[in-house]
Amino acid sequence: MTLVEKDYFFYIWNDLCYIDNKMMMKEAENMVENAWIQNATKNLLPLSNSSDFANAKKEWEYVGLIDNEEADFDCQLCGHKEIRYEYTIENRINQNEMIVGSSCILKFITHLAETQDFFYDTQNNIIDKTRLENDKHDYWVDILFKSLDANFSNNDFQISITDQIETDGKLTINQAKCLRKFYDNLNPNEQSAFKYIVSIKLRKDIQKNQYTFLKVYDKEFIDMLLSPQQRKIVQFI
């Protein structure tokens, strides 16, 4: 076999392997999709008025979410184990409720869209991925600011920090370190909200210099709030 023939054989082999892998991936995706439909149908129909899955889906509307940090609850629609974010959906006809995981509720929305239908909340607003993400953000904001208002915003300086968090969540290192004791007294859910909302400004030299003068316990707290890229930067400060 000549070198040209070997190269040709090599490229053909690579193409065949690529096609085979794509087919295997598609087959795996179809298996996962079919399993979801089977589980969702089995769990949704007993709580719906309609005995047809396509029509039963339209009976349900979105109520809201909570964060279960213990992740000790299973999705009632698909059966996925130990979900953290629990989205509540309610049947508008019989008021039955189900707790659904974050991936499952997106699949639910996708399946409704395939039949040109929409998923609505109890106020008849359309629910999509962006709305779910915004709800998660608003959920964390509500938890954090209730704690800030109750346990931190006691003077003008603290109020200014709270206002800055409300603006964009970005604090200088000197501002953020003033929240360490506040953070330590939060419950786990409130701490999750804090880490979700608060971030550190680290672009200007003056902001980077603040890191140099941190005490060890403050540095550990600030490190927790840094992005992966910011952690690389402070290694050289």
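Student: Which residue just after α3 takes a positive phi?
Tutor: Gln116, with a phi of about 60°. Bear in mind that this is a predicted model.

Student: What makes the span of helix α3 close to the expected one?
Tutor: Helix α3 covers residues 102-114, so 13 residues. At 1.5 Å a residue, 18 Å is expected. From first C-alpha to last, α3 reaches 19 Å.

Student: Which residues of α3 are called buried, and why?
Tutor: Cys104, Ile105, Phe108, Ile109, His111 and Leu112. They are called buried because their relative accessible area is under 20%.

Student: How do you know that they lie on the same side of α3?
Tutor: They cover an arc of only 165° around the axis, so they sit on the same side of the helix. On the other side, Ser103 and Glu114 are exposed. Exposed means over 50% relative accessible area.

Student: What makes a set of residues the largest nonpolar core here?
Tutor: Its members are buried nonpolar residues, joined through side-chain atoms within 4.5 Å. The largest such core has 55 residues. Leu77, Phe119, Leu144, Ile165, Leu179, Phe194 and Ile222 touch the most other members. Helix α4, residues 129-151, gives the most to this core: seven residues.

Student: Which residues is Phe194 in contact with, neighbours within four places in sequence aside?
Tutor: Leu144, Leu179, Phe182, Tyr183, Leu186, Phe221 and Leu225. Each is called a contact because heavy atoms come within 4.5 Å.

Student: How much of the protein counts as buried?
Tutor: Of its 237 residues, 38%.

Conventions
Residues numbered from 1 in each chain as written. Predicted model: local features only at pLDDT ≥ 70, side-chain atom pairs only at ≥ 80, totals over all residues. Heavy atoms only, no water. Buried < 20%, exposed > 50% of the residue type's maximum accessible area, 1.4 Å probe, protein only. Helix = DSSP H or I, 4+ residues; strand = E, 2+ residues; numbered from the N terminus. Expected span 1.5 Å × (residues − 1). Arc of directions from axis to C-beta.
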